Amino acid sequence: MKLSIKYKIFFTLLLASITVAISLHYFLRWSFDRGFSKYIQSQELEQLDRLSETLIDLYQVNGNWYFLTANDHLWRKLHIDMAAPDHAAQEKGQMYIQQKPPRPFAPHRGPNGLGPRVVLFDAEKQRVIGAEDKTGKWNSLELRPLRDEEETLGYLGLIPHDKLQYARDRNFVKKQTDLFAFIAIFMVALSILLSFPVTIHLLRPINALTKGTRKLIAGHFKTRIPVTTKDELGRLSNDFNILAMTLEKNEQNRRQWVADVSHELRTPLAILRGEIEAIEDGIRKPDAKTIEVLHGEVMHLERMVSDLYELSMSDIGALNYKMVAVDLEGILQGTVEQFRQRVDPHKIAIQMEVAGDGIASILADPDRLQQLFINLLENSTRYTDAPGEIKVTLHTDKGKIRISFEDSAPCVLPDQLPQLFDRLYRAEGSRNRSTGGAGLGLAICKNIVGAHQGTITADNSPLGGLLITVEITPNV
């Protein structure tokens, strides 16, 4: 039979409470028995002290212990008087001389009498009078010497008892034991009453997490659960809300991504379809100009599909990076020279500067770095009005490499800068589908820089356009 967590917590709390209650019961009982025994023992020792003083006085009067030998009557009278300290004897010695024939010793039935457990020994530790060793308990006797100055007159011993001697004491102990048992039973009953509501209180956030998780499984990513505590369950609830928020955002991005890709693919396909249908209807002739338009749209589709493929490979970690020692300055210089020849006819000037202490080589993928530089320069040349200017700067400082790409107008609005690296995003004020791309180039750049443990940021350029900064820490 499988128990739910509710019953597991309930029985755990209940078992812990019962264990504590039973342990407390036995501890209180043990502590009380021990304390009460010490109290009884202290009372007996007080009587024994009074008896010792009286016996010493009697010995001084009689000179020996013969007056007590077989004198059970006098021994009993001594016990009775020592058990009642308020009956203080004013005269000692002859007042205890035997007046009546000896009779069998009967223990005193008063509340504090020592009874027949006291034994008197002479100086040679020979028994004079008192309890006989019928149970073999003399071995555990603790003898108290009776001294007159430096002389030892005898010894007085008290046989220890196994249980309380008087019914009044036993009844008192029984009442206390019953009271302790009642307290333990009451605590167990109280724990049963409290364990169930405590269990429900502890399970409330867990049940909320369970219901919320089932809603997430069903695709309801707007689900949130209340955070009612600041403990581990509260932190777990807060983490659940963050997870739900992340899933909701990812779902929104996925839908936006599908919509954007569909929109980007539909435009060139619509152009291709319109041109082909125009040729079929005889509106257009399949001449060189028409073929060039069709070819341009096919190339547009090819670039977009290629970019999408690279992004997908990067996302799943399947994009291979072959890290080798490369000359970063050489790759950047070659890429800049390549683009300088392309943009010269369009009256766009490209400048390159190298500053800092210089880095001979870094550990990187040369092909991916070249792709990074091509995409950034392509982005700058595509969105720079002629006549314009592009400035590329390679700067090394304290072991860090910073590469900046600046261009002239037009600029990008400040609130649009953080979104430039989002996929398929276009700042419509400076980009259009006739001159611009699909908005994937900077997203690919971000992935390449991230694979090299670097950062890429966008800002407004002092030249009036856009400033892209790449920072990489060399590990060679």
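Helices in these legends are DSSP runs of H or I with at least four residues, numbered from the N terminus. Everything shown comes from a predicted model.

**View 1. The end of helix α8 and the residue that follows.** Helix α8 covers residues 441-451. Just after α8 comes Q453, which takes a positive phi of about 55°. Within the helix itself, the buried residues are L442, A443, I444, C445, I448 and V449.

View 2. C445, one of the buried residues of α8, has a relative accessibility of 0%; buried means under 20%, so C445 counts as buried. C411 has a relative accessible area of 45%, which makes C411 partly exposed, because that class runs between the 20% and 50% cut-offs. If you are looking for disulfides, the count comes to 0 when the cysteine sulfur atoms of a pair must lie within 2.5 Å.

**View 3. Helix α6 from end to end.** Helix α6 takes in the 16 residues 328-343. At 1.5 Å a residue, α6 should span 22 Å, and its end C-alpha atoms are 23 Å apart, so the two values agree.

**View 4. The buried face of helix α6.** Here you can pick out L328, I331, L332, T335, V336, F339 and V343, the buried residues of α6. Seen down the helix axis, these buried residues fall within an arc of 125°, so they line one face of α6. An α-helix has 3.6 residues a turn, so residues three or four places apart point the same way. What do the buried residues of α6 pack against? Their partners are the strands β5 (324-326), β6 (348-356), β7 (362-364), β8 (388-397) and β9 (400-408), together with helix α7 (366-382).

**View 5. E248 in helix α4.** E248 sits in α4, which runs over residues 232-280. Is E248 buried or exposed? Its relative accessibility is 15%, under the 20% cut-off, so E248 counts as buried. Leaving aside residues up to four places away in sequence, E248 touches F221, K222 and R224.

**View 6. Stepping back to the whole protein.** The secondary structure comes to 8 helices and 11 strands. Of the 476 residues, 36% are buried. Among contacts with a separation of 6 or more, 68% are between residues 24 or more positions apart. The protein exposes about 29000 Å², with carbon and sulfur atoms supplying 56% of that area.

Methods. Residues numbered from 1 in each chain as written. Predicted model: local features only at pLDDT ≥ 70, side-chain atom pairs only at ≥ 80, totals over all residues. Heavy atoms only, no water. Helix = DSSP H or I, 4+ residues; strand = E, 2+ residues; numbered from the N terminus. Expected span 1.5 Å × (residues − 1). Buried < 20%, exposed > 50% of the residue type's maximum accessible area, 1.4 Å probe, protein only. Arc of directions from axis to C-beta. Contact = heavy atoms within 4.5 Å. Areas by Shrake-Rupley, 256 points an atom, 1.4 Å probe, with all protein chains shown as cover.
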